[in-house]
Amino acid sequence: MTKLIKYLKPFTALVSGVLVLLLIQTLADLYLPTLMSDIIDTGVVKGDTAYIWRVGGRMLMVAGGSAVASIIAAYLSARIGAGFGRNLRSLVFTRVESYSLHEFDKIGTATLITRTTNDITQVQMVLIMILRMMISAPIMAVGSLFMAISKDAGLSVIFLIVLPILGALIAFVATKGVPLFKVLQVKLDNLNRVLRENLTGIRVIRAFDRIDYETHRFREANEDLTETAIKVNKIMAVMMPAMMLIMNFTSIAIVWFGGLRIDTGHMEVGDMIAFIQYAMQIMFSFVMVSMMFVMIPRAEASAVRINEVLETVAEINDPAQPAAVTSQRGYVEFQDVTFSYPGAEEPAIQHVSFSAKPGQVTAIIGGTGSGKSTLISLIPRFYDVDSGRILVDGVDVREMTQSDLRAKIGFVPQKAVLFTGTIADNIRYGKESATAEEVGHAAEVAQAMEFIAGMKQGFESEVAQGGTNVSGGQKQRLSIARALVRRPEIYVFDDSFSALDFKTDARLRAALRKETAESTVLIVAQRVATVMDADQIIVLDEGQVTGIGTHMELMQRCDVYREIVSSQLSEEELA
Amino acid sequence: MSDERGAHRPGVGAGPGGGPGRGPMGGGHMMGMPIQKAKDFKGTLRRLVVYLKPRRFHLIAIFSLAILSTIFSIFSPKILGKATTKLFEGIMAKYMGLPGAQVDWEYIGRIVLLLIGLYLISAMFSYLQQYIMAGVAQRTVFDLRAEVKAKLHRLPLKYFDSRTHGEILSRVTNDIDTISTTLQQSITQLITSVVTIIGVIIMMLTISPALTGITILTLPLSIIVTVSVAKRSQKEFKAQQKELGQLNGHVEEMYTGHKAVKAFGHEAKSIAEFNEINDRLYEAGWKAQFFSGLIMPLMMFVGNLGYVLVSVMGGIYVTKRLIEIGDIQAFIQYARQFTMPITQTANIANIIQSTVAAAERVFEVLDEEEQIPEVNDPVKVTDPQGGVRFEQVEFRYREDTPLIEDMTIEAKPGQTVAIVGPTGAGKTTLVNLLMRFYELNDGQITVDGTDIRNFRRGDLHRMFGMVLQDTWLFNGTIRANIAYGHDGATEEQIVQAARMAHADHFIRTLPEGYDTVLNEEASNISQGQKQLLTIARAFLADPAILILDEATSSVDTRTELQIQRAMAELMKGRTSFVIAHRLSTIREADLILVMNNGAVIEQGTHRELLERGGFYADLYNSQFSGAPLDPAV
């Protein structure tokens, strides 16, 4: 939490404003009992009605002033809180957008979403609470104490006894209760986990006839949670009555000892009544401050998560002086490239060298986990290599700006992702300035025309969030169209035809061939049939290249390739 | 099937601020936030009350204690005021120099003792009431949770398939939590507040009807303030919620599509769009915060107004000898106690509304139509052979779209049925029908000659073993996960099953071996290893019939080979329905079912189907041979 305080800097003036206003409000609230005691000690004792009215008028003004101050303070706090949240959100989002896939993998998409949304909202809420209530509590406590002492220093000795007791009570609840709250949260999470498992595994549970077992498991978690919840609530049950008791005993003590002092002429009755009110305010402030113990740990966890995002810096950055653009178009070369995912024992790909030229189709084949997708995601510099280098158009990818590099590439990921917007918007994602013809052409080549035409609003049909209203195959075709509309130098297809039925697949590949005649094409594939007629096939096995060549060449000299082929093709076709 | 997003949806799971631990002040629900309304408030409330009925004696005790405790605490200021009055009288007498004037300390002493007693009793009662309530509230919620859970097991699969997990989870966790907190805190608070308001008014009346009148004058003011500000603030909160939803949507979309954003260099555009929504959120956000933050100062002001009036009018009345000086002191305390419960009552009214709405959602689950009950005298399963027949089966998920019509197939014990077809062809449907997860519209499915509806579901399921691509493992040890299909399996049996599934080796390389606890996403072992574990589980369960998915995703070649071998081993001597991906499996299958768009469109052996030259022949040629597909290419 403290680390986030620096982001309050732009609001220094507003925060000081809130502080001043709260001070005014507190002083005004403290002044009221003094005025009231004047009414009693001067007005009532002397029977001076006019004086009472006068003081009453002043009280009204003071109360009004306090209200105005606190309303303005509320306004400023709202602005500060919302502004702080906005700035922090923007910082976090901008930072996350700068991340390479590496940081994304490290932290995790789901938690990044939570950090940018819920966590910041949580911190923002607590900040507003602090501004609204917590700040005024200490001011109120100190002010009240000061006023009480000024009314009667002798009677203030009572606080020396009461406040430690109150403090001890709060400490007791904090030390006993707060850890239990944490335990409670853990047990609640536990119960939720069992439940979630029951939902995701419902078919298996029923298939294995384990309903009784699961019911038992849930019951245990439920019992466990309930036990803790009862315990927590029983401890918390002490809190309010004890607090009230201390407050009430304090006022009795004030009346008794105050009375004695009045009797000996050390103070006046009105002062005593005011004193009681100050005492109440002091203790109420203590209760408010104790709330901070509950509020702040809650936001603390969020703050830690946000900080982690802000402290993680993207490892991939643009060079200070990007290399000059060469006249080459579409050359990709791997020179002894080794790359491992962070924390992995084995490199994902090792000593890979090959080159691809315009007009050529390079296919990459290998078992799952052999490093195919990893290999091609190095081309747009989603990750940086451990050793060796990757040249695009003769320049090391690390010496270009990321935007220059990626502008050359039309990337079709394995998992097609669409964005909210129309079909046309989604295709234009590849090239914002694309004309309607270009969009139409891309859709045509990607074999998406048919289903787009079938939609009620054609290219203007809306795609729902996450693309839930289009099928997997349609998504893939749109994602291909998106890459096509760019007319890039280099096409990268990461197993992008898997959700297509075979006829569409064939038509698409035929259309693509014409479209990409001038470009460099890299295709990752699982099926031999897809790669057989490529200009060169790279065979990967456990991250290493075990063969490069045409289908025929590889059939002769690459065992791994032959193995893959024989598992997929029937004997007759091998001949 | 799994709904990742649901689990991370804001608000799902134990959110901070939820749960019984909402803090001593119960400040979870902020004044002026939008309220969810129940469709049938009265009916749901009545039904909720039924859950409290078994604990009615506890509740009566709680309510009595709450009322008594409040009454005692209400009496106290007036009594304390009497002490002050006595003090003042004594001092005044001295001041005026009356003979023998002195403070009546004995009287004051008695009052102090009486007060100490009253406060002690009040605190005691208040503590007891909350203490008992803790048990009542938590036990009630415990029962409700257990009931919902039990209900979930009786619901047909259809229910789960048509909803996101997040939605169901939220009903069992968040909604029940809301009920729990309300029971724990708000109900007694409501009682205390109402008793306080009434009691305070009565007490004030006994002191001075005129001053009471003045204080009550502020009442309409506080109601107007509360209502109008709350209305405005709810509007702003709604606006904020809308922007927040858009922002969350954008963040989710951009983060999940991070690769695409990067690949196409759209970071700047995405940030610009984010900032635009963020600015709108800021505008809506500060307004919502401001208006909800207004209630406190305004109510304070109204309270102060009453305070000033009481001070002034009280002062004048004392000079006119209409009331005593201690009465002012008491009155000030009462007036202060007066405004708080009013705000609180308004607040609790909102909380109760959203609680009833939550209860309604829970009851909706409880009211869902259950799966068809088991037959009265189920057929006992002894030594199942595994012969499966579909007889003129007709099935559809939606009434208006026929899916499977007049399907008749037969798999003799030990035979292999291969199911082929493009992705999403509806292979799950077959599993759904075999396992009786869904009911047929017509025809029947028999196992060893008995209609599956005549078995107890559990017995039917025990005859089947499933090894699907969607490997479901739970958070527990590897041993427990393998033993899932077999109660009381011995260590030997478990290891034996693991060995047959080629899983023993990798399990032993883990630091904790069979005691390795799989974490929630089971991310501490690889996808392939998970599949081996599910195979081991099936070995141990030793079913007569198997449903297998040959697809191996994200598996390295070596593991894939192990999985293939293990599956082949497992299939020996069992009737197998295989969602086939490998040519060898398909060609050797006794029966091939070709599925497309959810329906079985062709069936027969490999040779028969090839000769027919239909869909299967096309599929076979395209997938498993490199022959050119399109003459135009």
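1. A residue is counted here as buried if 20 or more other C-beta atoms lie within 10 Å of its own. The model under review is a predicted one, and the remarks below should be read accordingly.

2. Is A:Val126 buried or exposed? A:Val126 counts as buried because it has 22 C-beta neighbours inside 10 Å. This residue belongs to helix H4 of chain A, which spans residues 109-134.

3. Leaving aside residues up to four places away in sequence, A:Val126 touches A:Met295, A:Ile296, A:Arg298 and A:Ala299.

4. The contact between the two chains involves 134 residues of chain A and 131 residues of chain B. On the chain A side, the greatest contribution comes from helix H8 (residues 211-263), with 29 residues. By class, this side of chain A comprises 73 nonpolar, 40 polar and 21 charged residues.

5. The largest nonpolar core contains 340 residues, and B:Ile419 and B:Ala536 have the most contacts inside it. Helix H9 of chain B (residues 267-319) gives the most to this core, namely 22 residues. As general background, nonpolar side chains tend to be buried together in soluble globular proteins.

6. Which residues does B:Ala536 touch, when those up to four places away in sequence are not counted? They are B:Ile482, B:Ala497, B:Ala498, B:Ala501 and B:Ala503.

7. Chain B, taken as a whole, has 20 helices and 10 strands. Of its 633 residues, 48% are buried. Among contacts in chain B between residues at least 6 apart in sequence, 80% join residues at least 24 apart.

8. One open sheet in chain B has four strands in the order E2-E1-E4-E5, with antiparallel pairing. Its edges are formed by strand E2 (404-411) and strand E5 (450-451), each of which pairs on one side only.

9. At one end of that order, how many bridges join strand E4 and E5 of chain B? Strand E4 (residues 442-447) and E5 pair in the antiparallel sense over two bridges. Within this region, B:Thr446 stands opposite B:Asp451 of E5.

Notes: Residues are numbered from 1 along each chain as its sequence is written. Chains are lettered from A and ligands numbered from 1 in the order in which they are written. This is a predicted model: local features need pLDDT of at least 70, side-chain atom pairs count only at pLDDT 80 or more; totals for chains, interfaces and linings use all residues. Two residues are in contact if their C-beta atoms, placed from the backbone, lie within 7 Å. Ala, Val, Leu, Ile, Met, Phe, Trp, Tyr, Cys and Pro count as nonpolar, Asp, Glu, Lys and Arg as charged, and the others, Gly among them, as polar. A nonpolar core is a set of buried Ala, Val, Leu, Ile, Met, Phe, Trp, Tyr and Cys residues joined through C-beta atoms within 7 Å. A residue is buried if 20 or more other C-beta atoms lie within 10 Å of its own, exposed if 12 or fewer, and partly exposed in between; C-beta atoms are placed from the backbone. Two strands pair if DSSP finds at least two bridges between them.
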